[in-house]
Structures are given as structure tokens and as C-alpha cells.
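This report describes a single protein chain for a reader who wishes to follow the contacts between its side chains. The sequence and the model are shown first, and the description comes after them.

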Amino acid sequence: MAEYSSLLSDLSDNITNEDLEQLKSACKEDIPEDQSNDITSSKEWFSYLEKNDKLAQDNLSYIEHIFEISRRPDLLTRVIEYRTIVLKISEDDEIDTKLTRIPSAKKYKDIIRQPSEDEIIKLAPPPKKV
């Protein structure tokens with residue numbers, strides 16, 4: 001839990017008021033406008049997301065998505081490092097987890113996986129110019 005608190009603190013330290021407005025805008029479908037206006041700091045934003053089951057120490061996919069669409073690769077990188085080092089969840093595991101959260105997506109799990117070496121079609125080199 002200390003690592004999670006440390007992560008949120010680190011993220012908060014790197015979110016300006018201008019950034020916060022952009023992040024709130026990116027999740028306006030999930031935060032009603034009147035409640036969004038009450039959020040004045042990144043700590044309040046994280047707290048709101050936790051209370052509404054959008055964020056937990058073992059569920060960071062929502063903020064990963066928000067940081068990605070808000071074009072904040074620095075924050076996204078911190079979250080991914082936490083996920084892979086502290087939670088020991090790799091990118092492949094995360095894809096599996098996201099798919100199992102959406103019942104209708106389970107049937108697509110095999111389509112999304114990376115092809116093996118045998119399944120990759122190898123193209124011949126282009127013809128040499130004469």
C-alpha cells in the first residue's frame with residue numbers, strides 16, 4: 001500500500017492545475033460537471049476516482065487510459081512502471097485482464113494475441129534493379 005500511496009503522491013506532484021483541468025475534461029463522461037467543479041487538486045481527483053471504483057492499487061487501467069489520451073507519457077510511464085515492478089503485471093497479462101473484465105470480449109482474446117514465428121508470413125525481398 002505504501003508504494004501505491006507513493007505513486008499517487010508522485011503523480012500529484014507532476015500534475016499542474018492546467019493539467020488537472022485537461023485530465024478532468026478527458027474523463028467528463030465519468031465525472032458529472034457539478035462534481036468536477038468541486039475537484040480542485042489532483043489528490044481530490046484521485047480520491048474521486050477511487051470512491052467511484054475507477055482507481056485502486058491493483059486497477060490502474062482507467063488512469064493509464066486518461067494519461068494516454070491526455071498526452072502525458074511521463075505520467076503513463078510512472079503508472080506502467082508501478083504496474084510491472086510492484087504489481088508484477090506485464091503488458092500481456094494486462095490485455096488478458098482487460099478482456100476478462102468485458103464478457104463479450106473473451107471471444108476475441110485469441111485474435112488480439114501476438115502471432116508466433118510460424119504464423120508470421122515472410123515476404124520475399126524486393127527484386128533487384130537491373
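The sections below take up the fold, the aromatic pairs, the salt bridges and a charged surface patch in turn.

## Model and overall fold

The structure is a predicted model, and the descriptions that follow should be read with that in mind. The secondary structure of the protein chain comes to eight helices and zero strands, so that the order of elements from the N terminus on reads α-α-α-α-α-α-α-α. The protein chain has 130 residues, of which 28% count as buried.

Within helix H5, the buried residues are Ser61, Tyr62, Ile63, Glu64, Ile66 and Phe67. Just after H5, the backbone at arginine 71 adopts a positive phi of about 55°.

## Aromatic pairs

The count of aromatic pairs comes to three. Tyrosine 4 belongs to helix H1 (residues 2–13) and tyrosine 82 to helix H6 (residues 73–85), so the pair ties together parts that are 78 residues apart in sequence. Both tyrosine 4 and tyrosine 82 are buried.

A tilted arrangement is also found for tryptophan 45 and phenylalanine 46, whose aromatic pair has a distance of 5.2 Å centre to centre and an angle of 50° between the planes. Tryptophan 45 and phenylalanine 46 are both buried. Together with Phe67, the residues Trp45 and Phe46 form one aromatic cluster, and Phe67 is itself listed among the buried residues of H5.

## Salt bridges between parts of the chain

The count of salt bridges comes to six. One of them joins the side chains of arginine 78 and aspartate 10, with an N to O distance of 2.7 Å. Since arginine 78 lies in helix H6 and aspartate 10 in helix H1, this pair ties together parts that are 68 residues apart in sequence. Arginine 78 is partly exposed, having a relative accessible area of 26%, and aspartate 10 also counts as partly exposed, at 29% relative accessibility.

Another salt bridge is formed by lysine 54 and aspartate 30, where the closest N and O atoms are 3.6 Å apart. Here the linked parts are loops: lysine 54 is in the loop between helix H4 (42–51) and helix H5 (61–69), while aspartate 30 is in the loop between helix H2 (17–26) and H3, and the two residues are 24 residues apart. Lysine 54 counts as partly exposed at 26% relative accessibility, and aspartate 30 is partly exposed with a relative accessible area of 31%.

## A buried salt bridge and a network

Arginine 83 forms a salt bridge with glutamate 64, the distance between the closest N and O atoms being 2.8 Å. This pair links distant parts of the chain, with arginine 83 in helix H6 and glutamate 64 in helix H5, 19 residues apart. Because buried means under 20% relative accessible area, arginine 83 counts as buried at 2%, and glutamate 64 counts as buried at 7%.

Asp19, Arg72 and Asp74 are linked in a network of salt bridges. Aspartate 19, which is found in helix H2, is buried with a relative accessible area of 16%. The C-alpha atoms of aspartate 19 and serine 70 are 8.7 Å apart in space, although these residues are 51 residues apart in sequence.

## Negative patch on the surface

Which residues gather in a patch of negative charge on the surface? The patch is made up of Glu33, Asp34, Asp38 and Glu44, and its largest share, three residues, comes from helix H3 (residues 33–38). Aspartate 38, found in helix H3, has a relative accessible area of 57% and is therefore exposed.

Note on methods: Residues are numbered from 1 along each chain as its sequence is written. This is a predicted model: local features need pLDDT of at least 70, side-chain atom pairs count only at pLDDT 80 or more; totals for chains, interfaces and linings use all residues. Side-chain values use heavy atoms; hydrogens and water are left out. Rings of Phe, Tyr and Trp (its six-membered ring) pair if their centres lie within 6.5 Å; planes under 30 degrees apart count as stacked, over 60 as edge-to-face and the rest as tilted. Helices (H or I, at least four residues) and strands (E, at least two) are DSSP runs, numbered from the N terminus. Buried means under 20% relative accessible area, exposed over 50%, partly exposed in between (1.4 Å probe, protein chains only). Patches are made of residues with over 30% relative accessible area and no salt bridge: like charges are joined within 9 Å, nonpolar side chains (Val, Leu, Ile, Met, Phe, Trp, Tyr) within 5 Å. Accessible areas come from the Shrake-Rupley method with a 1.4 Å probe; for residues, only the protein chains shown count as cover. A salt bridge is a side-chain nitrogen of Lys or Arg within 4 Å of a carboxyl oxygen of Asp or Glu. Lys and Arg count as positive and Asp and Glu as negative; His and the chain ends are not counted. The place of a charge is taken as NZ of Lys, CZ of Arg, CG of Asp or CD of Glu.
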